[in-house]
Amino acid sequence: MSDTVNRLPGQAAAALEKIVGENLQAGVFPAAAMTVVSDGAVLLNAAWGWLDPEMRAHPTRPDSLFDLASITKVFTETAFLSLLAAQGLSLHTPLVEIVPEFGAGGMRPLDGGQDPHTKAHLPMPEGAAGQTVDPARVTFWHLLTHTSGLAPWRDVFNAAGAAPMPPDQPDPVSRAARWSRGLAALCGYPFVAQPDGMVRYSDLGLMLLGEAASRLHGTPGELDKAIQARVVEPLGLHSVTYNPVGNGRDIGTIAPTEDDPGWRGRRVWGEVHDENACGVGGGAGHAGLFASAHNVAALGQAWLEDDARLRIPRTLMDEARREQARNGFRFGLGWMLRAEEGASASERFSIDSYGHTGFTGTSLWVDPVARLVVACLTNRVYPGREKEGIHAFRRAVHEVLAGMDIG
């Protein structure tokens with residue numbers, strides 16, 4: 001949907017405009033797009049700001065593409081659960097049954113992992129010295145609930161090869177070669193804990209889940225094809241893509257993200273912000289998808305409605321939206337669930353609500369009680385990843401929308 005729609009109640013519309021305007025003025029982000037669906041009807045499909053704020057060029061449109069960051073995980077999860085059902089497999093099937101090389105090296109040691117910001121190696125967890133982990137114990141359930149014991153982050157991009165060329169230029173290293181090297185690294189890293197049911201939010205787990213999904217679909221190493229076939233095409237989500245410039249999207253329709261002088265040596269525009277997703281070929285199970293707010297909301301609406309086009313049994317969808325594990329935050333299967341307190345989603349949303357956020361400043365939230373879906377996309381990392389304000393902005397938006405009277 002490219003047209004602007006605003007059918008919000010007047011008080012809510014005014015409050016939302018004020019919140020967005022203040023955050024644009026404060027430089028929390030230069031561009032934003034939002035879609036709000038209530039009981040199946042689009043109440044808002046709108047955009048604010050500029051894709052090129054310095055030149056005040058390319059005004060943001062409702063159909064502008066944003067780097068979804070970790071909202072990619074929800075697309076991966078959706079494709080995977082559809083394929084799991086089609087193959088008759090269980091959530092407790094070991095990953096090595098589909099990705100055998102994950103266990104080929106045998107027992108692995110523990111270490112402290114790496115800090116995703118400084119890239120520094122972290123100290124060994126207390127009492128972990130000498131422990132080993134059998135990777136064959138890791139199941140799909142562990143990956144979906146972030147309880148696998150895998151590190152939250154590793155510098156996979158360094159294992160995959162040199163920084164890629166800009167998105168409008170040919171890369172001398174093929175996407176297949178980049179992913180092959182990245183997968184080999186993923187299958188060899190030490191763990192940081194046993195697969196013990198404790199939540200340690202891990203991008204690595206979703207990268208591996210994405211590979212499992214691609215193999216279940218019959219296209220190893222090509223997760224994009226699995227997501228296209230199991231999610232994008234059935235729901236008609238035509239904006240959703242990895243590597244948007246390489247797939248024919250005009251860079252003037254894409255929200256840029258952070259300046260990256262250290263690794264890529266350029267402003268990130270038309271390519272994924274996340275280094276690991278970029279390094280392994282432009283996308284993986286944890287990050288890399290670009291989409292419009294309307295298409296992100298449409299995925300949320302499909303989950304709200306138990307949409308048969310997703311080909312996920314209702315019992316499995318219910319499991320995905322039910323609490324499976326917690327560490328202060330609550331997790332379903334791939335979904336974040338509304339925290340009982342201190343959530344970035346409004347506490348006016350029901351405790352049954354679920355969604356996901358993304359590091360670039362994106363969010364999708366679904367409240368099955370209010371029958372409300374909110375997709376809010378920004379490029380809050382444009383001024384740098386340390387810029388504050390996105391959590392307060394997101395919460396303020398959710399407060400307005402969860403509390404509105406649509407009579």
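**A cavity and some salt bridges**

Let me start with one residue. Glutamate 258 counts as buried, at 12% relative accessibility. Buried means under 20% relative accessible area, exposed means over 50%, and partly exposed is in between, with a 1.4 Å probe and protein chains only. Salt bridges that share partners join Glu258 into one network with Lys119, Glu275 and Arg385.

A word on the model. It is predicted, so to speak of local features we need pLDDT of at least 70, and side-chain atom pairs count only at pLDDT 80 or more, while totals for chains, interfaces and linings use all residues. Residues are numbered from 1 along each chain as its sequence is written, and side-chain values use heavy atoms, with hydrogens and water left out.

Arginine 385 forms a salt bridge with glutamate 258, with the closest N and O atoms 3.0 Å apart. By salt bridge I mean a side-chain nitrogen of Lys or Arg within 4 Å of a carboxyl oxygen of Asp or Glu. Arginine 385 lies in the loop between strand 16 (372–378) and helix 11 (390–402), and glutamate 258 in the loop between helix 7 and strand 8 (259–260), so the pair ties together parts 127 residues apart in sequence. Helices (H or I, at least four residues) and strands (E, at least two) are DSSP runs, numbered from the N terminus. Arginine 385 is buried too, at 18%.

How many salt bridges does the structure hold? It holds 26. Here is another: aspartate 224 with arginine 175, at 3.3 Å between the closest N and O atoms. Aspartate 224 sits in helix 7 and arginine 175 in helix 5, 49 residues apart. Aspartate 224 is partly exposed at 24%, and arginine 175 is partly exposed at 33%.

Now helix 6. Arginine 215 and glutamate 211 meet in a salt bridge, 2.6 Å from N to O. They are four residues apart in helix 6, so about one helical turn separates them. Glutamate 211 is buried at 3%; arginine 215 is partly exposed at 23%.

A cavity is a set of points on a 1 Å grid over the protein atoms alone where a 1.4 Å probe fits but cannot get out; lining residues have an atom within 4 Å of a point. The largest cavity has a volume of about 120 Å³, the space filled by probe spheres set on the points, which are joined across faces, edges and corners. Its lining has 15 residues, with Trp179, Gly221, Leu223, Gly283 and Ala284 nearest the centre. Helix 6 gives the largest share, four residues.

Terms used: On a 1 Å grid over the protein atoms alone, a cavity is a set of points where a 1.4 Å probe fits but cannot get out, and a pocket is an open set with protein on both sides within 12 Å along at least five of seven lines; lining residues have an atom within 4 Å of a point.
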